[in-house]
Every structure is written in structure tokens, then in C-alpha cells.
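This report describes a structure in terms of its helices, its surface and its aromatic rings. Please have the sequence at hand while reading.

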Amino acid sequence: MGALIGFIMIVSGIAPFWHFTMVAAIILLITMVGRKYLQEDTAQAEAGEEVAKEDKSEKWKYIRRPEMLLIKLGLAGLFALVVESAMFDWSGVYF
């Protein structure tokens, strides 16, 4: 989908600055509309722990360890990119 939009922008003669500005505005709009459907920042079970740790880590309030599901998703994406890169590299040998 992104390549198609980029192709349309190139064929239309739109400068990259305006292309990136339009894409950023669309992403911002989608994020703002979908924000109410996202999960809360802290789970109910962690709420008690947050109060206890609040005094000593006030400056690190916004930095938390990511959930295991997010780590697994990131690793799956990393492995997919590694495989795609290896496939691309080996295709240069055969063609």
C-alpha cells in the first residue's frame, strides 16, 4: 500500500516534503481517532506496585518494561526482516 501511494505521488509530481507531510497528517488523524480504543497505560494488578515505586522513580515514570507480547511481536518482525534480507542477497547470486 505504501509503495502504491509513493508511486502515485511520484507520477503526480508531488514533492517529497508534501508527500511526507500528508502521510504524517493521515497517521496523526488515525492515531487520534483510534486513541480511545487503546489499552490503558497500567493494568489493575500493577496499580498497587506503581504507588509503592512512585516515590523513588518519579523521574522514570514514563519508562516501563514492555509486555512480553510486544517483545515477541518485535522478534517475529526482526526475524522476518532477516529472512527477507537473506533471500534478497541470495537472489543476487542466482540472477
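Ile5 lies in helix H1, where helices (H or I, at least four residues) and strands (E, at least two) are DSSP runs, numbered from the N terminus. Ile5 is partly exposed, with a relative accessible area of 35%; buried means under 20% relative accessible area, exposed over 50%, and partly exposed in between (1.4 Å probe, protein chains only).

The model is predicted, so that local features need pLDDT of at least 70 and side-chain atom pairs count only at pLDDT 80 or more, while totals for chains, interfaces and linings use all residues. Residues are numbered from 1 along each chain as its sequence is written, and side-chain values use heavy atoms, with hydrogens and water left out.

The chain comes to four helices and zero strands, and its pattern along the sequence reads α-α-α-α. Of its 95 residues, 3% count as buried.

The structure holds one aromatic pair, summarised below.

| Pair | Arrangement | Centre to centre | Angle between planes |
|---|---|---|---|
| Phe17 and Trp18 | edge-to-face | 5.0 Å | 75° |

Rings of Phe, Tyr and Trp (its six-membered ring) pair if their centres lie within 6.5 Å, and planes under 30 degrees apart count as stacked, over 60 as edge-to-face and the rest as tilted. Both Phe17 and Trp18 are exposed.
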